[in-house]
Amino acid sequence: MPYTNYHPVYLALTSRPVLIVGGGPVAVEKLQSLLSSRARITVVSPNVCDEIRDWNDEGALTWVNRKFRPTDIDDAFAVIAASDNPELNAWIFELGEKARKLTNSVDDPDHCNFIMAAIARSGPMQVAISSAGCSPALAQRVRNRIESEVLTEDLGKLAEYLGDRRRAVKDCLPTYKARQSFWEQLIDSNLPHVLAAEGSEAADALFQSMLLKIAHSLSPYAGKNHPATTATPGSGQNSNTPSLQPPAYKNYPANAATSGSDQYSNTLVLHHSSSLPEPSEVDPKKVYLVGAGPGDPGLITVRAVEILRKANVVIYDRLVNPILLGYAPESAECIYAGKDRGSPQGARQGSIHAQLIHHARQGKLVVRLKGGDPFVFGRGGEEALALASAGIEFEVVPGVSSAVAAAEAANIPITHRGVSAAFAVFAGHEAEDGPGDSIPWKAAASIPTAVFLMGVERLPLIVSRLIEEGRPPNTPIAIVSNATLSNQEVVVGCLDTIVELAVGVHPPAAIVVGDVVRIREQLRALLAANVGNMTVAA
């Protein structure tokens, strides 16, 4: 059947007058959805169900005990014709149309200029499902499934938690693009799990540390006349190490940072280091496949910053630090291309290829900003092939890969004379308990240092396969999550203990296997003995 392509919107009906004509079961069904909106509801009907009488007695609505009159719609913001008389409902719709009112004739799509969707709710989270009037029963079935499988109580609590902190983030991040990317990174972090398992106090500690990290990276020396710097708390980095910062923002509020930090004044002023080299040429006819580094915004390359500052379009991944988008001009279009769970990998990657080609053919300078290095498990090679096939030039801008940076941030050398003369990096998510497994396990078990990226969710399988192929069960292993960021965590154990020790560790994380892991503990012991209270990577 033909159907109308309705545009879904959410209406603020609080205190607005809504008229319902009819008092039977159909009207009751619509009222059950509307009452939570706190609209000022009037029901006009000579006869009504007991539920409507009760709501009238409770003051939830006003019942007018008479037949409908055309003047009833005069003051209404929205009108719902829910009587058992189709001709009356159609007439009410015609009156509403002439008066330019939102008007719905129940179960009659031809006499509606809006429809009421089936709504699934959990706290402030709402999902409206519509079949465009084709099958309300099917829409309700989908609604029920979403309520039971998606809109859980934890999700509603998370939405309320994040909503309470929007003001702090808006104060801390001055651009919409940076805030949008920060929220995406926050939602993809361990915070939802911490909130559900440990409560808001524990979640606040993680939230504030991530927000403080961004503020620190933007300008830890408010108003002072020397290069901006950055450091990861607990990472062992020297806090006086210069790093590139995003463009200057005047009167940047710092009140969202943790209150105990005395390094912030009332205003943060961002500025650039005067020691940057002269920019090299940036060709607007190319697509740039740019590595964003492992997480810390100070680890992006100078070349990457040069290109971002001239971008027209930035297509960025889930693990890109949100403040890096601040390098792009205000006029640049920033497109989130994070590969979240739920849809086929090939379809998502194909969509990214199409976007790169589409924007490049419009003559725009396109930056494909990818966490880590674009050619290390970043599918940058596939994007380069797609661009070349479309006749579009590209340039690869290498980035610091977490394949090495994660271990280094935890004070674990990937190679070490006399301990490890070689290392290999494996895609941990490729580990399968069956014929789909594509990891060369004999090589992984024999190489001195084996690094697994994207493998924390398959940790038990990785450990068992390594032991099966000959790795001793007492081989040291470390898991570094959120490497180089303020919420970095390191769990160290042996192959036969790590699965139990790593309970609660969530992606993104790198797994390092080999005797080089012992160097970390040697360094910690030496520093504790010889340097005293010097901060060492967590």
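Student: What do buried, partly exposed and exposed mean here?
Tutor: Buried is under 20% relative accessible area, exposed is over 50%, and partly exposed lies in between (1.4 Å probe, protein chains only).

Student: And what kind of model is this?
Tutor: The model is predicted: local features need pLDDT of at least 70, side-chain atom pairs count only at pLDDT 80 or more, and totals for chains, interfaces and linings use all residues. Residues are numbered from 1 along each chain as its sequence is written, and side-chain values use heavy atoms, with hydrogens and water left out.

Student: What is the phi of arginine 100?
Tutor: Near 55°, a positive value in a residue other than glycine. Most residues other than glycine have a negative phi. Methionine 454 also has a positive phi, near 55°. Methionine 454 lies in the loop between S16 and H15. Its relative accessible area is 41%, so methionine 454 is partly exposed.

Student: Where is there a cis peptide bond?
Tutor: Between proline 507 and proline 508, with omega about 0°. Proline 508 is in the loop between H16 and S19. Most peptide bonds are trans.

Student: Switching to rings. What makes an aromatic pair?
Tutor: Rings of Phe, Tyr and Trp (its six-membered ring) pair if their centres lie within 6.5 Å. Planes under 30 degrees apart are stacked, over 60 edge-to-face, and the rest tilted.

Student: How many aromatic pairs are there in the whole structure?
Tutor: Eight. Among them is the edge-to-face pair of phenylalanine 68 and tryptophan 91, at 5.8 Å centre to centre with 85° between the planes. That pair links distant parts of the chain, 23 residues apart. Phenylalanine 68 is in the loop between strand S3 (62-64) and strand S4 (78-81), and tryptophan 91 is in helix H3 (residues 86-98).

Student: Why does phenylalanine 68 count as buried?
Tutor: Because its relative accessible area is 13%. Tryptophan 91 is partly exposed, at 39%.

Student: What about phenylalanine 182 and tryptophan 183?
Tutor: They form a tilted pair, 5.8 Å centre to centre, with 55° between the planes. Both residues are buried. Ring pairs also join Phe182 and Trp183 with Tyr161 and Phe207 in a cluster.

Student: Which residue lies over the face of tyrosine 161?
Tutor: Arginine 165, at 3.5 Å from the ring centre. The rule is NZ of Lys or CZ of Arg within 6 Å of the ring centre and within 35 degrees of the ring normal. Arginine 16 lies over phenylalanine 77 in this way, at 4.6 Å.

Student: Now the sheet. In what order do the five strands run?
Tutor: S12-S11-S13-S10-S14, as an open sheet with parallel pairing (two strands pair if DSSP finds at least two bridges between them). The edge strands are strand S12 (333-336) and strand S14 (394-397), each pairing on one side only. From one strand to the next the twist averages 20°.

Student: How many bridges join S10 to S14?
Tutor: Four, between strand S10 (residues 287-291) and S14. Leucine 289 has valine 396 of S14 as its bridge partner. Helix H12 packs on the sheet, touching S10, strand S13 (366-370) and S14 (contact means heavy atoms within 4.5 Å). The direction of H12 makes about 175° with that of S10. Axes are lines fitted to C-alpha atoms, for helices over the stretch in contact, and angles run from 0 to 180 degrees between N-to-C directions.

Student: Which residues of H12 are buried?
Tutor: Gly380, Glu383, Ala384, Ala386 and Leu387, in a helix of residues 380-389. They cover an arc of only 160° around the axis, which puts them on the same side of H12. The arc is that of the directions from the helix axis to the C-beta atoms. On the other side, Leu385 and Ser389 are exposed.

Student: Last one. Where is aspartate 296?
Tutor: In the loop between S10 and helix H10 (302-308). Aspartate 296 counts as buried because its relative accessibility is 1%.
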